[in-house]
Amino acid sequence: MTDNLEILFQKITHASKIVILTGAGMSAESGLQTFRGAKGFWSKHNPMELASKEGFTKDPELVWKWYQERYNNVEHNKPHEGHFAITALQEMLQELTVITQNVDGYHQQSGTKDVLELHGSIVKFKCLDCDRKYNEAIIPDVLNNCNHCNGLIRPDVVWFGEQLPHNTLKEAEEKTLQCDLFMSIGTSSEVYPAAGLPLLAQQKGATVVEINPYETALSNKADIVIRGLAKEILPTVLRNVKNKIQRN
């Protein structure tokens, strides 16, 4: 792993445009439960009952209560050292874009700018009927109605059967096509279209790096694989990149 880290330090310092894609593993390191795997949410709950428009329409109280628990979990925990390391790298480097599959808002909370949230945000809300946006002022303790059309207010996340936000996905693909270094961090690389982004970058000549404690669908395709936790690897990356930049 030491050799791969050293190569990564060099790649970062010489890259002009970097894209970082983060997944559920980043959130798990902050104490949030993931969705897939033996202990994930979907092993205990029917996703169509709790994460779909049909499920919300059928039993809004049940869905709201479940999202309230998740919201409170996000509020109880916090970003880890890996989140803050990404923010510091973004401030230090020429151009670094963060694309995330996570809905916890931890990248923004740690100071990262212009985060592309592919799956929306659990700390933002919108009307089920008219799509009017609401922020955290709508505290998710009870169901609320839209002050514009009186529809139910729902979490502003992408549910099953819904399309990813078009403009966000378009920008994510554009940034991916332009980058010369793509880093996939803490994602299983199983959920599309996000899982296709590193391969898209690679086709355009970018170096693809995976940072993950586990083998994933991307592992045998990535140019550099680093096994470990993001909250341990990324601060190391930050320190070494900072040293290399200072020496230059």
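**Close-up views of a predicted model**

View 1. Strand 2 (residues 96-100) has five of its five residues buried, so it is largely enclosed by the rest of the structure; buried here means under 20% relative accessible area, whereas exposed means over 50% and partly exposed lies in between (1.4 Å probe, protein chains only). The model is predicted, so that local features need pLDDT of at least 70 and side-chain atom pairs count only at pLDDT 80 or more, while totals for chains, interfaces and linings use all residues. Residues are numbered from 1 along each chain as its sequence is written, and side-chain values use heavy atoms, with hydrogens and water left out. Strands (E, at least two residues) and helices (H or I, at least four) are DSSP runs numbered from the N terminus. In a regular strand the side chains alternate between the two faces of the sheet. In strand 2 both faces are covered, with Leu96, Val98 and Thr100 buried on one side and Thr97 and Ile99 buried on the other. Strand 1 (residues 18-22) runs parallel to strand 2 and is joined to it by five bridges, two strands being counted as paired if DSSP finds at least two bridges between them. Ile18 has Leu96 of strand 2 as its bridge partner. Strand 3 (residues 116-117) is likewise parallel to strand 2, through two bridges, and its Leu116 stands opposite Ile99.

**View 2. The open antiparallel sheet 5-4-6.** Three strands make up this open sheet in the order 5-4-6, with antiparallel pairing. Strand 5 (133-134) and strand 6 (153-157) stand at the edges with a single partner strand each, so one side of each is left without a neighbour in the sheet. Strand 4 (residues 120-127) is mostly covered, as seven of its eight residues are buried. Five bridges link strand 4 to strand 6 in the antiparallel sense, and Phe125 stands opposite Pro155 of strand 6.

**View 3. The hairpin of strands 4 and 5, with Lys133.** Strand 4 and strand 5 pair over two bridges in the antiparallel sense, and Lys126 has Lys133 of strand 5 as its bridge partner. The hairpin has five residues between the two strands, and in it Asp131 takes a positive phi near 70°. Lys133, placed in strand 5, counts as exposed at 52% relative accessibility. The C-alpha atoms of Lys133 and Ile153 are separated by 9.0 Å, although the two residues are 20 residues apart along the chain.

**View 4. A patch of negative charge around Glu171.** Asp114, Glu171, Glu173 and Glu174 gather on the surface in a patch of negative charge; such patches are made of residues with over 30% relative accessible area and no salt bridge, like charges being joined within 9 Å and nonpolar side chains (Val, Leu, Ile, Met, Phe, Trp, Tyr) within 5 Å. A salt bridge is a side-chain nitrogen of Lys or Arg within 4 Å of a carboxyl oxygen of Asp or Glu. Glu171 is placed in helix 8 (residues 166-178) and is partly exposed, with a relative accessible area of 35%.

**View 5. Glu215 in a loop.** Glu215 lies in the loop between strand 8 (207-211) and strand 9 (224-226), where it counts as exposed at 67% relative accessibility. From C-alpha to C-alpha, Glu215 and Ile226 are 10.0 Å apart in space and 11 residues apart in sequence.

Conventions: Accessible areas come from the Shrake-Rupley method with a 1.4 Å probe; for residues, only the protein chains shown count as cover. Lys and Arg count as positive and Asp and Glu as negative; His and the chain ends are not counted. The place of a charge is taken as NZ of Lys, CZ of Arg, CG of Asp or CD of Glu.
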